[in-house]
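Take a look at the model below. Keep it in view while you read.

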Amino acid sequence: MKKQVKGNLNDLRQGAHNTWEELETSALTVRIGTPTCGRAAGSLDTLQTFRERIAKEGAEAHLIEVGCMGLCFAEPLVMINNPESGLPPILYGPITYEHVQRLVEGFVLGDDPCLELALGTVEFKEDGTPYIPEMPRFEIEERLILRNCGYIDPLNIEHYLARGGYLTLQQVLQTEPEKVVSEVEQARLRGRGGAGFPTATKWKLCRQMEKEPKYIICNADEGDPGAFMDRVVLESDPHSVIEGMVIAAHAIGASRGFVYTRAEYPLVMERLKVALAQAREIGVLGDAILGSGFNFDIELVGGAGAFACGEETAMIASIEGQRGMPRPRPPYPAVYGLFGEPTVVDNVKTFALVQRILEQGGEWFSRIGTPNSTGTAVFALAGRVEQIGLVEVPMGTTLREVIYDVGGGIPEGRQFKAVQIGGPAGGCLSESSLDLPVDYDSLKEAGAIMGSGGMVVLDESNCMVETARFFVDFLARECCGKCTMGRLGVKQMLLILADFVKGEGDEEDLDLLEKLAEDIGQGCLCHLGGSAANPVLTTLRYFRDEYEAHVKEKRCPALVCKELITYYVVPEKCERACDHCVLTCPTEAIVTDERTRLKKVLQDKCVKCGTCLDVCPPEYSAVIKVSPPEKVKELEEAAGG
Amino acid sequence: MAEPVTEKATVELTIDGKRVRAEQGEKILWAALAEGIAIPHLCAIKEAEPPLGTCRLCLVEVEGQGVVASCVESVREGMVVHTDGERAVALRRRAMELLLADHPLECKDCPKKGKCDFLQLSIAMKVKRPKNYRPFPREELPVDASHPRIIFDPNKCIRCGRCVWVCKERVGEVPFDFIQKGYEMRLTTFMDKPLGESDCTGCGECVEVCPVAALCFKEGG
Amino acid sequence: MEELQELLKTYPANRHSLLRILQAAQRQMGYLPGEALREVASYVGVSPAEVYGVATFYNQFRFIPYGTHHTVVCLGTACHAMGGQLILDAFERELDIKAGEITPDHEWSLDRVGCIGCCTKAPVVVMNDAINAKMTPFKVEEVLAGLGLQLKRSTDSEGEEAGEREPQ
């Protein structure tokens, strides 16, 4: 095996840097985001159309496939840099294949920047992080982890090298491992996987163990529904995570590493495979890394679809080929981990930050964020919010800023109701919590957890009882089943909640549910099962009135719970001749009165799918939902009388 | 794992006001039992390392630490343990209630009648099958009597994991294991095939450790 | 099974390879039949019961084959908030099977998944490996009809419906 020595890496980087500079300053480039979510929006069609148009026109343009810039609401995203135009790079979105012709004619072949399709111009911070001055969110955001995401080609290691990649590793290999640990300690970095345990403490413990070999595991088993931060980082900038892992391995003296990622993320697997091979080729991974005496390699492990494997001891069991069930801690993995050896398990974003910390210094990092929660937090903002996407803000930013200033608020003029943070086992916070600073301790106090970064916004059209039922249902399916509290306690909560959404149950059941949740929270074998209490306890704490409406009045205030609503066509609003609802109803539950042409919903046939409401033209909006169901009789009588 | 040391270091701790000496690394549960202090437990096996920790019936309170599973937590010098702390007792009762609510009430005709650890423990803990719980939806599974010595009744299983542990430890190739996960997790043979068709030697180690009537010897077997 | 034997040889015969072997075997066969599980068990040296226990723990593994058209409905948080359950209901209604099942003619199979990380396109459905974004119950019908499924309401009662609706 050929081994590249250190000098070569410098040469490589210089070469990559020169190519990059040329690309940036004198070439016409078209960047197209093709991460999984971009593909779902049709970015591969956009890419293909660009390729065809450019070939057809014989234009000299470089097409670059990049990852995700976090502006998922505007996908597919296209960034064009046309140096000849004298304009800065311009970001466009959403650009489907229909828009490509216009862009090619306008800004690839000509100097018309097609501003009607643009989101804004792209400027760069001192450290090369791109931002869009026209978008207010970038005033709040601070992108440490997402610095390269959506700007470099993740499959081209030269892009990473050109932006200073693996330079930090070169320097770190010259320093004592203790120094690396103390730098992370000075940064006061806390694990980005959710629990917020101090990273350096874990590393120290593992480092002190007089046992060989030691292992490093990168937890990329992003099983939280509603979270996609780790996927984006690995799809968009895999080398930053690999570099962080090698640095960590040097710090604790590990010889082997694993990236454990989800089976549902085929693109992550694909891109990581390429990135790992590239890293080995240039000698930053493998035997005698960069000519030093340090050996470390990384193996890619594909999970097989089990949420519980996000828990570190379960993940270890899974890598060992066992059922992914957590085991009691202590002993902690740092002492007794993979194959019984000392093991450090950290989240994707933690490793990405380790790279930044060693590059810029722990002191620098500790000044970002709040004293107890340093650095930045990445959130996957989804649900009922305008600008869905990835967000990276300094710790301590308020939820209001994240949801309204970065996320653009709630669409269609609807009312904010709740924000669900920290995955299914996190909590639902209400409007009263909007001014809460986002940091580990504040969120915990409010009953939620930082989690790994899922943030789902719910509005008045979401029912909190149904939301709690949904999370508990997920956890009852996905918890490992090993202990009594997790297997039976969570299921019992689910059975009670399933009654509530049907309007069954009484106030005593509310108490039982609350007590069950408290007991499960405290009595479960692992913290994952224990946190199953959070969705129940927080919804009970902040939205008790909704529970009471279901139980006492058999009414769903958000008009969501199927058993508690009926559909009704308001005669005064119905256009009568349009028949959209009648024709699209999958069960023929809507009939037209022969004489009046008025529509009536046959309740015994209606499956409450909501199609009629969707298809009723907005100028009429004649289809409504009512709750409790009996109310429809009153309405019908009133209309008939 | 750990090499036996000739002279094990001991620590002193307090359990329910009583000063107790125990070997370093010993779990609270075994230290307490050795002193005649009762703590409910079902899944615990002294030799199991790491411990199973599945039943949650042995929870106790440790000052400065809160509720812990006594089969998992090791003794420490100066540790103060309360087995009768209010929260610990409530949580133990909750775990017992959940297990009872998920267990068929057929004690009259049960082969373990009169010698069921689970029933005796529930009586000792004064916990009855709770009335306000929603019934756990379970499909009744067929009882497997295909094996010459052992009867396997999956409906009775409380998923403590003792049988699987003991079989893996002492026999190696288990004829049964837990399948699926979450609420659906259950003990069964390979693809629900009859136990009699498996490689089970019928040594009976699993029957010995089963606290309920999920695994029983055939009469006269 | 011969192909499986060949496949097994490319992996180290130890416990640590179990998940990867099961994944590869499923890729090869589309699902994991009992005999395959037995082969894998004897190769890695654990009992078939234990391999079955491991395989059933993970959602990825299937013990029945896929249909010609395989649909996975995402029910992650974002998809759920955007009406994912209604989408699953629509598929179950039209295909007349529940999630995890396959139609008797083996044409259609249906599954649910916790989250595929495409939360910004919620609710999403993966059909034959392609992601369908922002689904509605009506779109479900369109997609299924596009793949050749006879929709319930057009087959069941087209005639009587016409009679009912347009009484002249």
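The text below moves from strands to a helix and then to a pair of domains. This is a predicted model, in which local features need pLDDT of at least 70, side-chain atom pairs count only at pLDDT 80 or more, and totals for chains, interfaces and linings use all residues. Residues are numbered from 1 along each chain as its sequence is written, while chains are lettered from A and ligands numbered from 1 in the order in which they are written.

Start with strand 1 of chain A, residues 29-33. Strands (E, at least two residues) and helices (H or I, at least four) are DSSP runs, numbered from the N terminus. Of the 5 residues in strand 1 of chain A, 4 are buried, so the rest of the structure largely encloses this strand. Buried means that 20 or more other C-beta atoms, placed from the backbone, lie within 10 Å of the residue's own.

Strand 1 of chain A has pairing partners; two strands pair if DSSP finds at least two bridges between them. With strand 2 of chain A (residues 62-66), the pairing is parallel, over 5 bridges. With strand 3 of chain A (residues 78-81), it is antiparallel, over 4 bridges. A:Arg31 bridges to A:Ile64 in strand 2 of chain A and to A:Met79 in strand 3 of chain A.

Now find helix 11 of chain A, residues 238-252. Here 15 of 15 residues are buried. Just after this helix, A:Gly253 takes a positive phi of about 80°.

Finally, turn to chain B. Its domain assignment, automatic or from a database, gives domain 1 (10-97) and domain 2 (102-217). The C-alpha centres of domain 1 and domain 2 of chain B lie 25 Å apart.

Methods: The expected span of a helix is 1.5 Å times one less than its number of residues. A residue is buried if 20 or more other C-beta atoms lie within 10 Å of its own, exposed if 12 or fewer, and partly exposed in between; C-beta atoms are placed from the backbone.
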